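Hi,

Here is the structure I said I would pass on.

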Amino acid sequence: MAGFFKKFASAFVEFDKSAAANASAEAGETSSALEAELAALEGQPTALAEAGLAPVQLAPPPSAALPAETQALLAQTPEQLFVEAGFVETPASAPRVVKMLAGLGQFPHSQQLAMLRALDAADDTWSEAEVTEDAQRRQATLEAHLTRIDQTRQGRLLALDQQAATTQETRVATLAEIDKQIAEMMKLREDAITECANTVAGIDREKRELEMAAMDARNRTLAAAQQLGQLVAFFTAGGPPPR
């Protein structure tokens with residue numbers, strides 16, 4: 001490919017107005033060969049990239065978080081946009097000439113322009129004006145898509161900001177409710193501790209009262225029993241009573 005373009009471009013190294021006619025004739029003889037090599041160039045993205053004219057075909061990163069509609073819009077490639085816009089590939093299509101320029105990328109701009117104009121003069125299936133018009137229409141399509149991208153981005157960011165604000169408000173309200181419930185539970189806890197302490201204190205008091213009452217009852221009972229025992233001893237100490 002590079003060898004063909006070098007041979008073709010050699011006719012334009014000393015290009016001037018007097019050589020234009022000769023260049024057009026030579027371009028007519030070589031245009032068919034150029035077309036054949038242009039077809040081969042489509043399989044050489046490296047050559048296009050080195051010339052700074054490679055079509056943009058960046059695969060968008062997968063994102064399951066984005067809505068399907070937003071993801072579909074952001075995933076569209078320029079080629080898909082051109083198809084949707086109704087562009088038809090013809091000899092005057094701008095991408096075709098972009099590929100031609102990729103093959104001539106090693107030459108200065110003036111020589112590239114001279115060679116393409118020579119090809120234009122030798123081939124009536126396309127013209128510089130048609131290519132320029134096609135490129136401008138494609139530019140308008142891409143600019144409209146850029147506008148949609150910005151609008152979609154801004155709209156989605158606004159929605160996400162609103163969602164984040166709503167989430168924060170929900171968090172604050174939820175935590176406030178939880179704190180309120182915690183305070184109520186802490187009060188119930190303190191009440192339970194107090195009630196339990198009071199109950200235990202009552203039990204201890206009852207136990208002390210029980211011990212004291214039991215001791216008094218025991219003492220009274222022992223005193224009465226002792227008195228009765230003494231009475232029995234009193235009578236039995238003098239022997240049996242007389243008959």
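Before anything else, a word on terms: a residue counts as buried under 20% relative accessible area, as exposed over 50%, and as partly exposed in between. Please also keep in mind that this is a predicted model.

Let me begin with Arg156, which sits in helix α8. Its relative accessible area is 27%, so Arg156 is partly exposed. Arg156 and Leu66 are 90 residues apart in sequence, yet their C-alpha atoms are 9.2 Å apart in space.

Now to α8 itself, which runs over residues 128-237. It has 110 residues and spans 157 Å from its first C-alpha to its last, close to the 164 Å expected at 1.5 Å a residue. After α8 comes Gly239, with a positive phi near 90°.

Which residues of α8 are buried? They are Val131, Asp134, Arg138, Thr141, His145 and Gly202. Among the elements that cover them are α4, α5 (78-84) and α6.

Arg138 is one to click on. Its relative accessible area is 3%, so it is buried. Leaving aside neighbours within four places in sequence, Arg138 is in contact with Phe82, Phe87, Val88, Glu89, Ser93, Ala94 and Pro95.

Next, the packing of α8 with helix α4 (residues 68-75). The two helices meet at an angle of about 145°, their axes are 10 Å apart, and the crossing is left-handed. On the α4 side the contact is made by Thr70, Leu73 and Leu74, and on the α8 side by His145, Arg148, Ile149 and Thr152. By type, the residues of this contact are three nonpolar, three polar and one charged.

Last, the nonpolar core. The largest one has 10 residues: Ala92, Val97, Met100, Leu104, Phe107, Met115, Leu116, Leu119, Trp126 and Val131. Two elements, α6 (94-103) and α7 (109-122), each give two or more residues to this core, and α7 gives the most, with three.

Neighbours within four places in sequence aside, Leu116 is in contact with Val97, Met100, Leu101, Leu104 and Trp126.

Cheers

Terms used: Residues numbered from 1 in each chain as written. Predicted model: local features only at pLDDT ≥ 70, side-chain atom pairs only at ≥ 80, totals over all residues. Heavy atoms only, no water. Core = buried A, V, L, I, M, F, W, Y, C linked by side-chain atoms within 4.5 Å. Buried < 20%, exposed > 50% of the residue type's maximum accessible area, 1.4 Å probe, protein only. Helix = DSSP H or I, 4+ residues; strand = E, 2+ residues; numbered from the N terminus. Contact = heavy atoms within 4.5 Å. Axes fitted to C-alpha atoms, helices over the stretch in contact; angles between N-to-C directions. Left-handed = near helix turned anticlockwise from the far one by under 90°. Nonpolar A, V, L, I, M, F, W, Y, C, P; charged D, E, K, R; others polar. Expected span 1.5 Å × (residues − 1).
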